[in-house]
Amino acid sequence: MRADAARNLEAVLTTGARMLASDPSASISAIAAEAGVDRRTVYRRFASREDLLAAIYDSRLTAVEEVVRAARLTESTVPVALHRYVEGIIEVNRVWPVELTRMRAEPSIQDRRGRLTAEVDTFLRRATDEGFLRADVPDGWASRLLIQLLHLASREDMEAPRAADLLVRTFLDGVGVH
């Protein structure tokens, strides 16, 4: 893909994610105009609005997969891996803010999300086993809490590293071992 075509595609996808997060009924024409490309450019790449939505969700999942890989959840110490993961996910949530719930029914999306969830759950079990998280909280509590804190931190108007610092302290103070 040519460099300008790649830039246009990235602009359409990230603009689409942002616009659809604030207005789920945003049109392809509006997304194209905001991204600075002609709507025909978008329609050449995506036959339908559903195709565009699928590409946005795929890009978001790819970005999350890259964060999980870079966090080194199995190799790094728990605090370091947690901070890397949190900071990366905050960035992903800011670039790809749209949550396309209906895409979750797609089998390939379910498989990818399932693998990512399993990796994070395994990491949180490791954090508990190594004494960083309390073992007396209900199953899944730490995971659900982390997800909510990530959503909150992603909306804060502070740099991702600072937001990650605050989130990790809050998380470890809340479900961490004291």
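## Helices and model

Helices here are DSSP runs of H or I with at least four residues, numbered from the N terminus. By this naming, Thr15 belongs to helix H1, which covers residues 3-22. The model described here is predicted.

Contact between the domains involves 9 residues of domain 1 and 8 residues of domain 2. About 650 Å² of area is buried between domain 1 and domain 2, and carbon and sulfur atoms give 88% of that area. On the domain 1 side, the residues that lose the most area to domain 2 are Leu13, Ala17 and Leu20, and together they account for 60% of what that side buries. The count of salt bridges between domain 1 and domain 2 is 0. Residue pairs in polar contact between the two domains, with both residues at pLDDT 80 or more, also number 0. Sorted by class, the side of domain 1 that touches domain 2 consists of 5 nonpolar, 2 polar and 2 charged residues.

Thr15 has a relative accessibility of 7%. Because buried means under 20%, Thr15 counts as buried at this value. A polar atom of the Thr15 side chain lies 2.6 Å from the backbone oxygen of Ala11. When neighbours within four places in sequence are set aside, the residues in contact with Thr15 are Ile31, Glu34 and Ala35.

## Arg112 in helix H6

Arg112 is part of helix H6, residues 107-129. With a relative accessibility of 12%, Arg112 falls under the 20% limit and therefore counts as buried.

The side chain of Arg112 makes a polar contact of 2.4 Å with the side chain of Asp58. Asp58 is also among the residues that Arg112 touches once those up to four places away in sequence are left out; the others are Leu61, Thr62 and Glu65.

## Arg72 between two helices

Arg72 sits in the loop between helix H4, residues 49-71, and helix H5, residues 78-95. The phi angle of Arg72 is positive, at about 55°, although Arg72 is not a glycine.

The relative accessible area of Arg72 is 40%. Exposed means over 50% and buried means under 20%, so Arg72 is partly exposed.

Note on methods. Residues numbered from 1 in each chain as written. Predicted model: local features only at pLDDT ≥ 70, side-chain atom pairs only at ≥ 80, totals over all residues. Heavy atoms only, no water. Buried < 20%, exposed > 50% of the residue type's maximum accessible area, 1.4 Å probe, protein only. Contact = heavy atoms within 4.5 Å. Buried area = accessible area lost by both parts, 1.4 Å probe. Salt bridge = Lys/Arg side-chain N within 4 Å of Asp/Glu carboxyl O. Polar contact = N/O pair within 3.5 Å; in protein donor to acceptor, adjacent residues only side chain to side chain. Nonpolar A, V, L, I, M, F, W, Y, C, P; charged D, E, K, R; others polar.
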